[in-house]
Structure formats: structure tokens, C-alpha cells
Amino acid sequence: MKKILFVASEGVPFIKTGGLADVVGSLPKYYDKRYFDARVILPKYMCIKEEMKSMMQYKTHFYMDFLGQDEYVGVLEAQYEGITYYFIDNEKYFNGLKPYSDNVVEELSKFVFFSKAALSILPVVDFRPDVVHCHDWQTAIIPVYLKERFAAGEFYQGMKSVMTIHNLKFQGIYDIKTVQRITGLDNSYFAPDKLAYFKDGNLLKGGLTYADAITTVSQTYAEEIKTAFYGEKLEGLLTARSNDLRGIVNGIDYDEYNPETDPYIVRKYNASNFRKEKIKNKRDLQKQLGLEENDKKMMIGIVSRLTDQKGMDLVSYIMDEMLSQDDIQLVVLGTGEEQYENMFRHFDWKYHGKVSANIYYSEELSHKVYAACDAFLMPSLFEPCGLSQLMSLRYGTIPIVRETGGLKDTVEPYNEYESKGTGFSFTNYNAHEMLATIRYAEKIYYDKKREWNKIVDRAMATDYSWRVSASKYQEMYDWLIG
Ligand code: ADP
Ligand code: GLC
């Protein structure tokens with residue numbers, strides 16, 4: 001049995017702020033259990049819902065030296081859908097109303113503590129992974145530690161590490177002195193070919209330097225990050241390591257995101273009856289959100305973090321023009337930068353009955369939007385993979401996307417001459433190019449409804465379950481373990 005350990009800062013159903021949690025909480029379930037024993041370590045944040053906390057059982061605790069103090073490390077365990085989860089407990093580091101804060105030094109300390117604790121609990125829980133699979137900057141110190149302080153321990157010898165980039169934008173950067181103090185690494189690690197990043201220390205750079213293999217969440221993003229535009233100043237390192245870097249596109253949990261069984265939506269449907277049934281979800285949502293109750297209106301959805309990454313500046317640029325001229329409804333669910341939250345609130349007020357801005361987080365409403373809308377807008381500036389467009393495809397809600405990263409790899413542009421494609425896309429990061437694409441989609445929707453429904457047929461026939469991608473991760477583990 002090959003043992004794989006995921007270490008991550010979030011995972012469904014325990015704690016989620018974005019797609020990382022979806023991946024961490026679903027991918028391990030899809031490994032072949034005859035050959036792989038995959039387990040997950042997460043922080044036990046105070047803000048995890050009581051209902052989830054009640055699933056955890058206290059295992060043990062010990063004290064670990066961290067920043068010159070003896071710190072409490074509690075270990076809890078939970079079983080969920082056949083996967084063993086461990087939780088690291090420490091009330092000082094994992095307090096707060098949200099998993100993350102804006103205080104960089106606090107974040108660095110929290111996640112270096114978490115990473116060190118995650119490696120330290122392994123002999124105690126008697127699980128010796130062949131591969132430690134780290135996700136994003138929060139756990140990027142692990143590959144470094146495995147080659148540094150933990151290398152001396154017999155238990156850790158030969159343990160391989162994988163670093164998965166879900167978002168290269170976030171790297172865990174601060175001045176060298178502080179990063180050195182928090183990580184406890186000696187001077188030699190802060191050379192330009194290691195953790196030094198211009199004048200700062202950079203945790204993700206450490207992970208990318210020391211991991212035995214690197215992955216990211218789509219093939220296009222794996223190529224893009226080797227260029228200056230997307231590389232966040234790590235393109236040189238990523239190019240140098242390109243033999244060890246692979247892009248494996250994300251899947252989604254087809255049990256959880258299934259229009260046929262989804263408990264959140266009023267009318268279940270599938271690929272054969274969506275023509276009659278899907279519309280009932282639109283009626284329900286129009287009513288719930290106070291939009292004009294009209295079957296014929298094309299409804300476009302956005303479920304997103306409201307940030308520049310997600311192309312929200314393009315949306316805000318054409319909002320007035322689009323809403324004053326176009327015959328559509330727009331439903332937004334998201335939180336993020338204040339300017340965008342307020343922008344959507346403003347247009348909800350200005351175009352009442354046509355726009356619904358829901359500036360909060362809701363699992364339930366997100367499923368309703370995926371099911372009810374006709375189209376889904378995701379004009380990202382960059383998108384390592386993106387899961388929302390996969391959820392939309394699954395629900396027969398046609399994605400309108402910018403051709404970047406995983407959006408390019410998963411949405412096939414509609415071609416009316418060949419009757420091909422699962423969505424609409426545009427190339428340049430340009431607000432009017434986006435608007436023209438939205439208008440092209442509107443035209444097909446209103447004038448060629450049968451064509452539109454054929455796009456839905458093709459969208460619902462795509463397979464972005466984990467089936468194929470999980471086997472690619474398994475191949476990589478086999479290759480690493482030998
Ligand atoms: P990212 O991880 O960059 O935010 P993804 O598309 O990979 O983008 O994943 C976003 C995930 O978060 C999806 O599961 C999406 O449904 C969910 N999500 C985003 N915003 C909200 C919200 N306000 N309420 C509920 N779910 C949300
Ligand atoms: C990040 C990316 C997103 C990706 C998700 C899961 O949050 O922004 O594109 O789908 O991670 O890998």
C-alpha cells in the first residue's frame with residue numbers, strides 16, 4: 001500500500017474559502033483504495049463549524065519547540081467518506097473568525113507552525129507517508145524541512161514531496177530576517193537559488209526549489225507560469241524545473257455537484273430532461289431574489305471571489321452599458337474587494353429586478369445559481385484551473401470565459417458552423433471583447449434556442465469528474481516512489 005499525505009490549509013467539508021478546499025476534500029476520495037492510502041492534515045481552526053468539530057476525536061497532544069517556545073500541538077482525527085483526516089490544534093495560531101488574516105507575519109507564523117507540526121505528528125499517529133503532497137505557499141516549507149531538519153530522522157528518510165501550485169500569486173513573502181526567524185533556517189537557505197526572492201524571503205520558492213515534483217492545476221497554466229506575465233517573478237525557476245513540473249487539470253466531486261440529486265435545488269434534472277426541468281430552478285431563483293419572473297429572460301450568473309484575478313474590473317467597466325441595453329438578468333454571489341462589492345450593490349439598486357447582488361458566502365445559493373442560470377460569466381485575468389466553470393458545465397449552464405489557464409483547457413469555444421463547443425470565450429483581456437462575446441451568446445440564446453440547447457447537451461456530456469486526473473496523480477506518485 002502506498003501512503004500519501006495531503007497537507008493543506010483548507011478542505012471541504014471542514015473549511016472552505018475557495019477551490020483549494022474543493023480539491024483537497026475530493027481528490028483523495030478518487031484514488032484507487034487498493035493501492036493508495038491517502039490521508040489529509042488540516043488546521044483545526046476555531047472558525048470550523050461546530051457540526052464539523054463534533055466529528056473530530058481527540059487522539060493525543062505533545063509540545064513542540066517553535067519560535068523559542070514550547071507550543072501545544074493537539075492531534076484530532078475524523079473519518080469522512082472513507083478518508084482519514086488529522087487536525088492540528090493550537091488555539092493561539094488557529095483562532096479568529098476566518099482561516100486567513102491580512103497580517104502577513106501572523107500568517108507566516110501560523111502556517112510554518114502548522115507545517116512543522118504536520119511533519120511532527122506523523123510518528124505519533126504512526127503514519128509514514130511515501131509522499132507528502134503540499135498545497136500552495138501555506139505548506140511550502142515542508143519540502144524544505146524534509147531536506148533539512150527532518151532529514152536526519154530515520155522516520156523521514158526517503159520521504160518524497162510534491163508541491164502543487166493552486167495560485168502562484170500568493171507566495172508567503174516577507175523580509176529575510178523575519179522569514180528566517182519564523183522558519184529557523186540558517187543563512188545558507190537565503191541564497192538567490194533557494195528562499196531568497198530579491199530582498200525578501202519566499203516560502204513558495206522554497207517549496208518549488210526543494211520538492212521532488214511540482215504540479216499545477218491545468219496544462220495551460222503550467223505553460224503560462226513559465227512566462228513573465230503569469231510567472232510572478234518565479235518564471236525562471238519554473239522554467240529551470242520544467243522537467244519536474246506537470247499540469248493536471250482539476251476535477252470536481254460529481255457526487256456533490258449533481259443536478260440529479262442536489263438537495264439544494266428545487267427541481268432535479270439531468271442531460272435528458274433539462275429542456276423541461278432546468279427552467280423550474282430559474283423560476284424559483286427569480287422569485288427568491290426578487291427578479292422579474294419571466295421564463296424567457298436570459299439569466300447570467302457569477303459565483304466568485306470579487307477580485308482582479310476574476311476579471312471584475314472588466315465586468316465593472318461594462319456593467320452600465322450592458323444592463324442599460326441588453327435584455328438579460330444578472331445574478332452575483334460573491335465577496336471580496338470592497339470596490340467590487342459596492343459596485344454590484346449599486347447596480348442591484350439601479351437595475352432592480354434585473355440584477356441581484358448577493359454579497360456573502362452561501363453554499364446553498366451557489367448551487368442554485370449553477371442550476372438556475374442559462375450562462376455563467378468568468379472572465380478571469382488568470383485562472384490556474386477554475387472550478388466554477390466545471391460546476392456550470394455539469395449543470396448545463398453555459399460558461400462565458402476568457403481563454404486563460406484552466407478556462408482555456410476546459411471550455412471549448414462554440415463554433416456555429418461546425419456545431420461544436422461547450423461555451424463562449426474571448427482572448428484578450430478587454431472589456432468590450434468580453435461584452436461582444438456575451439452579446440454573441442445572447443444572440444444564440446434568443447434567436448437559436450435549439451442551437452443553444454445543443455450546446456447544453458455537449459456541456460452536460462463533458463466529464464470533469466476526478467476519474468482521469470486522479471489517475472494522473474497516481475502515476476506521478478508511482479514514478480516518485482519507484
Ligand atoms: P478560486 O479558488 O480561485 O476562488 P475556483 O473556481 O477554483 O476559484 O473555486 C471557487 C469555489 O468557491 C467554487 O466551489 C465556488 O462555487 C465557490 N465560491 C466562490 N464564492 C462563493 C460564494 N460567495 N458562496 C459560495 N461559494 C462560493
Ligand atoms: C486556486 C485557483 C483556481 C483553482 C483552485 C483549485 O484558488 O485560483 O483557479 O481552481 O485554486 O485548484
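Which side chains meet in a salt bridge at 2.4 Å, N to O? Select lysine 92 and glutamate 71, and there is the pair. A salt bridge here is a side-chain nitrogen of Lys or Arg within 4 Å of a carboxyl oxygen of Asp or Glu. The pair links distant parts of the chain, 21 residues apart: lysine 92 sits in the loop between strand S5 (83–89) and helix H3 (104–125), and glutamate 71 in strand S4 (residues 69–80). Helices (H or I, at least four residues) and strands (E, at least two) are DSSP runs, numbered from the N terminus. Searching the whole structure turns up 31 salt bridges.

Before moving on, some ground rules. This is a predicted model, where local features need pLDDT of at least 70 and side-chain atom pairs count only at pLDDT 80 or more, while totals for chains, interfaces and linings use all residues. Residues are numbered from 1 along each chain as its sequence is written, chains are lettered from A and ligands numbered from 1 in the order in which they are written, and side-chain values use heavy atoms, with hydrogens and water left out.

**Stop: the two domains**

Color 2–251 plus 467–481 as domain 1, and 274–463 as domain 2; these bounds come from an automatic or database domain assignment. Their centres, taken over C-alpha atoms, are 33 Å apart.

Now show what lies between them. On the domain 1 side 19 residues are in contact with 20 residues of domain 2, contact meaning heavy atoms within 4.5 Å. About 1,400 Å² is buried between the domains, with 58% of that from carbon and sulfur atoms. Buried area is the accessible area (1.4 Å probe) that two parts lose on being put together, summed over both. Select Lys16, Thr220 and Tyr230: they supply 27% of the area that domain 1 buries against domain 2, more than any other three residues.

On the side of domain 1 that touches domain 2, helix H1 (19–26) and helix H7 (219–224) are the elements that give two or more residues, and H7 gives the most, with four.

**Stop: the ligands**

Which residues are closest to ligand 1? Pick Gly19, Arg305, Lys310, Tyr370 and Leu387, out of 23 that surround it (a heavy atom within 4 Å). Oxygen atoms of ligand 1 lie 2.6 Å from a polar backbone atom of glycine 19 and 2.7 Å from a side-chain N or O atom of tyrosine 370.

Ligand 2 has 14 residues around it, the closest being His166, Asn250, Glu383, Cys385 and Gly386. Check the side chain of histidine 166, with an N or O atom 2.6 Å from a ligand 2 oxygen, then asparagine 250, at 2.8 Å.

Zoom to valine 12 and proline 13, joined by a cis peptide bond with omega about 5 degrees. Proline 13 is in the loop between strand S1 (2–7) and H1. Finish at glutamate 232, which has a positive phi of about 50 degrees although it is not a glycine.

How values were computed
Polar contact = N/O pair within 3.5 Å; in protein donor to acceptor, adjacent residues only side chain to side chain.
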